[in-house]
Amino acid sequence: MTYLLIKAFLLPPGIFIVLGATSIVLHRHRPTLSWGLLCCSTALMWAMSTLLLGQYAMRLIEPARPLSQQQLQNFGPQAIIVLGADLNNSSPEYGGKDQPGRHLLPRLRYAATVYRQTLLPILVSGGTGYFGRVAQAQIMADVLRQDYQIPVQWLEGQSMTTWENATNSHAILERSGIERVLLVTEAFHMRRATASIRALGLCVLAAPTSFLGSSEGPVTWRDLVPSAAGLELSVLALHEMLGLLYYRLRF
């Protein structure tokens, strides 16, 4: 719970609430500082809500290119790891059962594509998260088997973080003598995920999906208009940048 609260108020929009409340508290005794803080907060909120900044931040952390056939041939992977993500806990059309969310579903779809290219055994990794009722790994395996007719060799359903994804998956694969893996996750999450797995001694080839930093054509006025989509991109990118820094210091 402490982690969730820190995350809520360290990232937008929570940080803007903190800055705004601070400016109100300072207004009586430090009016100049108060107005300066309010102006900076407003400008930062505007900038982070634009597609221009959101997509630029994404390009800083995403891999430059998707997986290629040449990379597959040169690397010689032995297994596929698919990392879990969000779940949709409100699914009355599925009898109220948890379903893959909008970040997890693209990972599963691309994992099915990679499997059909390689026919390598799949490990799915993900625990219950903070609000789930069933381990992500179980839901991922069910979707791959039922919706894509893709077999799943291993389920790792205990992890709550990317680091635990890596350590728990490594322990499972080590028992099978597997040292070279393809890693499937979203492009913005790939740098932190690959760094975690490599730190444990596995050789990993990135198989990213859902590139969010791509942009076509010149910048237009629409790229400078604040939007929920722009803010979401900025928040995801900032979350990963902070995560990379924390993992580098911690692990």
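These legends describe close-up views of a predicted model.

**View 1**
Strands pair through backbone hydrogen bonds, either parallel or antiparallel. Here, 5 strands build an open sheet, and the pairing is parallel. The order across the sheet is β5-β4-β1-β6-β7. The edge positions belong to β5 (154-156) and β7 (203-209). Each edge strand has a single partner, so one side of each is left without a neighbour in the sheet. From one strand to the next, the twist averages 20 degrees.

**View 2**
Strand β4 covers residues 122-125. Its parallel pairing with β5 runs over 3 bridges.

**View 1. The packing of helices α2 and α3.**
Two packed helices are described by the angle between their axes and the distance between the axes. Helix α2 spans residues 14-26, and helix α3 spans residues 31-48. They pack at an angle of about 165 degrees. Their axes are 8 Å apart. Angles over 145 degrees count as roughly antiparallel, and α2 and α3 are therefore roughly antiparallel to each other. The crossing of α2 past α3 is left-handed. From α2, the contact is made by F16, L19, T22, S23, I24 and L26. From α3 come P31, L33, S34, L37, L38, S41, L44, M45 and M48. By class, this contact has 11 nonpolar and 4 polar residues, and no charged ones.

Most peptide bonds are trans. The bond from P12 to P13 is cis, with omega near 0 degrees. P13 sits in the loop between α1 (2-10) and α2.

Most residues other than glycine have a negative phi. L119 is not a glycine, yet its phi is positive, at about 60 degrees. This leucine lies in the loop between α6 (104-118) and β4. L119 is exposed, with a relative accessible area of 61%. S210 also is not a glycine and has a positive phi of about 60 degrees. Where is S210 found? S210 is in the loop between β7 and α10 (228-250). With a relative accessible area of 21%, S210 is partly exposed.

Methods
Residues numbered from 1 in each chain as written. Predicted model: local features only at pLDDT ≥ 70, side-chain atom pairs only at ≥ 80, totals over all residues. Heavy atoms only, no water. Pairing = 2+ DSSP bridges. Helix = DSSP H or I, 4+ residues; strand = E, 2+ residues; numbered from the N terminus. Axes fitted to C-alpha atoms, helices over the stretch in contact; angles between N-to-C directions. Parallel < 35°, antiparallel > 145°, perpendicular 65-115°, else oblique. Left-handed = near helix turned anticlockwise from the far one by under 90°. Contact = heavy atoms within 4.5 Å. Nonpolar A, V, L, I, M, F, W, Y, C, P; charged D, E, K, R; others polar. Buried < 20%, exposed > 50% of the residue type's maximum accessible area, 1.4 Å probe, protein only.
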